[in-house]
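This note sets out points to check while reading the model. Please keep the sequence and the structure in view throughout.

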Amino acid sequence: MKKALKLTLAVVCVMFSTSLFAQKFGRINTQEIITNMNEFKDAQTQIQDFAKDLDAQLETIQVEFNNKLQEYQKAEGTMTEAVMQLKQKELTDLQTRYEQFQQVAAQDIQKKQMELLEPIRKKAVDAINEVAKAGGYIVVFDMMGNSLAYIDESATTDISGEVKAKLGVQ
């Protein structure tokens with residue numbers, strides 16, 4: 001009876017250890033996947049165009065400031081004190097407007113990036129999840145984060161090719 005119990009216990013231990021080793025671990029570089037997606041390239045173009053438009057508006061304000069500054073410098077000796085103060089205030093207001101627009105433009109660009117890139121990131125994550133589930137992986141490590149102290153790459157499977165195929169990325 002004791003021998004049968006020991007044998008059963010040994011079999012259970014072997015089965016348990018075998019099932020641990022049968023676990024599948026994968027690895028992927030999410031950033032590489034995302035940056036190779038056509039949607040990402042389109043989003044980058046849209047973001048660049050958006051930034052160029054904002055830069056053009058900033059440049060318009062800068063040109064206006066420079067023109068008013070030149071006018072002020074040319075006529076400085078002939079202006080009354082009241083006109084001089086008015087022109088100085090006008091220049092200060094333009095400079096403040098420029099700085100405020102610059103801050104708002106930076107925030108707008110950041111919002112645009114989030115608006116355009118979040119759906120792309122979600123699509124990639126969804127594809128990774130589908131490939132991982134279909135492949136029976138219990139864990140997939142994102143190599144982009146470099147948050148792992150050590151990983152034996154031979155013990156994991158790179159599923160990038162499958163995810164790229166699912167997304168139609170080359």
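The points below go from the overall fold to the sheet, the helices, the cores and some single residues.

1. Overall composition. The model under review is predicted. Its chain holds five helices and three strands, and from the N terminus on these follow one another as α-β-α-α-α-β-β-α. Of the 170 residues in the chain, 22% are buried. Among the contacts with a separation of 6 or more, 82% join residues 24 or more positions apart.

2. Which order do the strands take? The three strands form an open sheet in the order 2-1-3, and the pairing is parallel. Strand 2 (137–142) and strand 3 (157–158) are the edge strands, each of them pairing on one side only.

3. The strand pairs. Strand 1 covers residues 24–28 and pairs with strand 3 in the parallel sense over two bridges. Gly-26 has Thr-157 of strand 3 as its bridge partner, and Arg-27 has Asp-158 of strand 3. The parallel pairing of strand 1 with strand 2 runs over five bridges; one of the residues to look at here is Phe-25, whose bridge partner in strand 2 is Val-139.

4. Helix 4 comprises residues 81–135 and lies across strand 1 and strand 2. The helix runs at about 145° to strand 2.

5. The length of helix 3. Does the span of helix 3 agree or disagree with what its 38 residues should give? At 1.5 Å a residue, helix 3 should span 56 Å, and its end C-alpha atoms are 56 Å apart, so the two values agree.

6. The buried residues of helix 3. These are Phe-40, Ala-43, Ile-47, Ala-51, Leu-54, Leu-58, Ile-61, Phe-65 and Tyr-72. They pack against helix 2 and helix 4.

7. Leu-69. This residue is also found in helix 3. Is Leu-69 buried or partly exposed? Leu-69 has a relative accessible area of 27% and is therefore partly exposed, since buried means under 20% and exposed over 50%. Leu-69 and Glu-90 are 21 residues apart in sequence, and their C-alpha atoms are 9.6 Å apart in space.

8. The largest nonpolar core. This core has 19 residues, of which Met-37, Ile-159, Val-163 and Leu-167 touch the most other members. Helix 2 (30–35), helix 3 (38–75), helix 4 and helix 5 each give two or more residues to the core. Which helix supplies the largest share? Helix 4 does, with seven residues. Another core, of seven residues, lies apart from this one and includes Phe-65, Met-79, Leu-91 and Leu-94.

9. Leu-167. Beyond its neighbours within four places in sequence, Leu-167 is in contact with Ile-33, Met-37, Lys-123, Ala-124 and Ala-127. Among these contacts, Met-37 is, like Leu-167, one of the residues that touch the most other members of the largest core.

10. Ser-160. Ser-160 lies in helix 5, which covers residues 160–167. Its relative accessibility is 7%, so Ser-160 counts as buried. The side chain of Ser-160 makes a polar contact of 2.6 Å with the side chain of Asp-158. With neighbours within four places in sequence set aside, Ser-160 is in contact with Arg-27, Ile-28, Asn-29 and Ile-33.

11. Lys-164. Lys-164 also lies in helix 5. Is this lysine, Lys-164, buried or exposed? Lys-164 counts as buried because its relative accessibility is 15%, and the cut-off for buried is under 20%. Leaving out residues up to four places away in sequence, Lys-164 touches Glu-32, Ile-33, Asn-36, Val-169 and Gln-170. Ile-33 is also among the contacts of Ser-160 and of Leu-167.

Key
Residues are numbered from 1 along each chain as its sequence is written. This is a predicted model: local features need pLDDT of at least 70, side-chain atom pairs count only at pLDDT 80 or more; totals for chains, interfaces and linings use all residues. Side-chain values use heavy atoms; hydrogens and water are left out. Helices (H or I, at least four residues) and strands (E, at least two) are DSSP runs, numbered from the N terminus. Buried means under 20% relative accessible area, exposed over 50%, partly exposed in between (1.4 Å probe, protein chains only). A polar contact is a pair of N or O atoms within 3.5 Å; within protein, one must be able to donate a hydrogen and the other to accept it, and residues adjacent in sequence count only if both atoms are side-chain atoms. Contact means heavy atoms within 4.5 Å. Two strands pair if DSSP finds at least two bridges between them. Axes are lines fitted to C-alpha atoms, for helices over the stretch in contact, and angles run from 0 to 180 degrees between N-to-C directions. A nonpolar core is a set of buried Ala, Val, Leu, Ile, Met, Phe, Trp, Tyr and Cys residues joined through side-chain atoms within 4.5 Å. The expected span of a helix is 1.5 Å times one less than its number of residues.
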